[in-house]
Amino acid sequence: MTLFRGTFADCPEDPFAGGVLRTLTDGALLVRDGVIVERGPWADLAARHAGEEVVDLRGGLVLPGLVDTHVHYPQVRVIGGLGLPLLDWLDQRALPEEARLADSGYARVIAREFLGSLARAGTTSALVFGAHFASAMEVFFGEAAASGLRIAAGLVVSDRVLPGPLLTSPDQAIADAVALGRRWHGVGRLRYAVTPRFSLSCSDTLLGACAEARAAIPGALFTSHVNENHDEVARVVADFGTHYVGTYDRHGLLDARSVLAHNLHPRDDELAVLAGRGATVAHCPGSNAALGSGLFPLRRHLDAGVPVALGSDVGGGVSFSLLREGLQAAFGQQLRGADGVRLGPAHLLWLATVAGARALGLPDVGTLSVGGQFDALWLAPPSGSTLDIGLRHALDETDAVAKAFALGDTGDVRGVWVGGRSVLPAA
Ligand SMILES: [Zn+2]
C-alpha cells in the first residue's frame, strides 16, 4: 500500500445543485491496488500505517485527475491556427494534417505526442476524437494502452464534403469500427467510441451505419459534434430537413453514453431531446473563442437538465490544460451578461472531473473519495512563479483552487497517477 501525503481538493457533489469543494489540508490517502481505501489527517494515517511507502506531495495541491470529454488525436500539431472561423480552419489547417495520418509511422509519432500532452496536462481520462484511417487508430489504441490513461476513442467516419482521402463508405465504416472495437474495446482502460465526424460530412445512411456498428460493440460510446457554427448548422438543417440533434437521434445514437461537442446554438426542442436521452454536451470554451463560434448557453442547458462537461477540443482549442479551459468557461459566462452562470472554483473543478467521468461512464473516477480510483494530479508550480506565490498566499483551500484555475497550466503539473500508478512521461 502507498500513503500519498499532501493537500487534497475535490468536488464530489454537484455544485449546480448546492455541492461545495471538499479539501483536506496536510492529509493522506491510503491507496491499495489503485483504489483509495482510507483518507484522513496525515498524523492519524501515518500513525496507523507506519512502514507503508510514502509519496510526499506537500507544496501545491493534489486534485482528481482531469477528464477531457472532447479532444482530437490528429490535431496536436495544428494548435494555434488563430483568426479563422470553423469551416476555413478545417479546410486550411485541420483536414490537411488529418490526411497525413494515412501514414502509420507518422500516426505513431502523433499518437505519442498527443498522449504525452494529455498526461502532462494532468488529464487522466479522455474521450478522444480519432483519425479517419483504421491503421492510424490501430496504432493509437496500442499507444494508448501503453500510456496507462483511460481512453475512449474510435475511427472517425465521413462519406461526403471532406477531401477524398478522408472518406469511407457505410459498409466499410461498419466493418472497420467492428474490427477495431472487437480488438480494443474493454482491453485494459480502453473503450471504443463510434465517431461520425459531424452530420455536415455524413450521409443519413452513414449515420445509420454508425448505429449498426455501435450495436455490434456492446458498451461502446458515441461521440460527434453539434451546433458549433451558424453556417454549419444551416447546411445540416437544409441537408437533413430536421434539427441538428435530430440527425443523430433518429438513428438512436443518443443516450447516457453519448457526448456531443459544442452545442452553442441549440433550439429548445433539441435541448429537450438531449435531456431526455441523458446525453452530455462537451463544452469547449477555448475552441469556441478561438474559432469565434459563440458563447455557450450554459444556463439553458442547466435549465433543460442537459449534462455538461468540459473538453479542450485541441486543436480548435489551444491548450490541453483543462485548468485553462475552466478559466475560459468562467470568462465566457461572465461575457454572456444577464443569462451567464457565475462559475466559481467548485463549478470549474466539477466540470473538469466528476461531470466528465459521468459522461464517460466512469463511476469510480473524478473524486478523491474512499472506494474510488487514485487518479490524480499534483499541481506544484515552479518556485517563484505567479501560481506558486498565489498558492502560498491563498486565503484558504477554496481560494487555492480558484488560483489553480486562474494561473495553472501544464507546466505546473509535477505528478500524474492513474489507478495509483504514475503516468507522467519522462521529461
Ligand atoms: Zn472537435
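Visitor: Is histidine 225 buried or exposed?

Guide: Histidine 225 counts as buried, because its relative accessibility is 6% and the cut-off for buried is under 20%. Keep in mind that this is a predicted model.

Visitor: Okay, and what about histidine 72, buried or exposed?

Guide: Histidine 72 counts as buried, at 2% relative accessibility.

Visitor: Which residues are the protein donors of the zinc ion?

Guide: They are His70, His72 and His225, each through NE2, plus Asp313 through OD. These donors lie 2.1 to 2.4 Å from the zinc ion.

Visitor: How are those donors spaced along the chain?

Guide: The spacing is H-x1-H-x152-H-x87-D. Histidine 72 sits in strand S6 (residues 66-72) and histidine 225 in strand S11 (residues 221-226), so this pair ties together parts that are 153 residues apart in sequence.

Visitor: What about the geometry of the zinc site?

Guide: The site is irregular, with angles of 89 to 170° among its four donor atoms.

Visitor: Let's switch to helix H7. Which of its residues are buried?

Guide: H7 covers residues 230-240, and Glu232, Val233, Val236 and Phe240 are buried there. They cover an arc of only 95° around the axis, which puts them on the same side of H7.

Visitor: And what's on the face turned away from that buried side?

Guide: That face carries the exposed residues His230, Asp231 and Ala238.

Visitor: What covers the buried residues of H7?

Guide: The cover includes helix H2 (86-99), helix H6 (204-215) and helix H8 (244-249).

Visitor: What caps the N-terminal end of H7?

Guide: Asparagine 229 does, with a side-chain oxygen 2.8 Å from the backbone nitrogen of aspartate 231. After H7 comes glycine 241, which has a positive phi near 70°.

Visitor: How does strand S2 pair with strand S3?

Guide: S2 (residues 22-32) and S3 (residues 35-41) run antiparallel and are joined by six bridges. Alanine 28 stands opposite glycine 40 in S3. Their hairpin has two residues between the strands, and aspartate 33 takes a positive phi near 50° there.

Visitor: Where is there a cis peptide bond?

Guide: A cis peptide bond joins valine 314 and glycine 315, with omega about 5°. Glycine 315 is found in the loop between strand S14 (308-310) and helix H12 (322-336).

Visitor: Last topic: what does tryptophan 350 touch?

Guide: Leaving out residues up to four places away in sequence, tryptophan 350 touches Cys11, Pro12, Glu13, Asp14, Pro15, Phe16, Ala355 and Arg358. Tryptophan 350 lies in helix H13 (residues 345-352) and is buried, with a relative accessible area of 4%.

Visitor: How many residues apart in sequence are tryptophan 350 and leucine 66?

Guide: They are 284 residues apart in sequence and 9.6 Å apart in space, C-alpha to C-alpha.

Note on methods
Residues numbered from 1 in each chain as written. Predicted model: local features only at pLDDT ≥ 70, side-chain atom pairs only at ≥ 80, totals over all residues. Heavy atoms only, no water. Buried < 20%, exposed > 50% of the residue type's maximum accessible area, 1.4 Å probe, protein only. Helix = DSSP H or I, 4+ residues; strand = E, 2+ residues; numbered from the N terminus. Arc of directions from axis to C-beta. Contact = heavy atoms within 4.5 Å. Polar contact = N/O pair within 3.5 Å; in protein donor to acceptor, adjacent residues only side chain to side chain. Donors = N, O, S within 2.8 Å, 3.2 Å for Na, K, Ca; no water. Tetrahedral: all angles 85-135°; square planar, octahedral: opposite > 155°, others 65-115°. Pairing = 2+ DSSP bridges.
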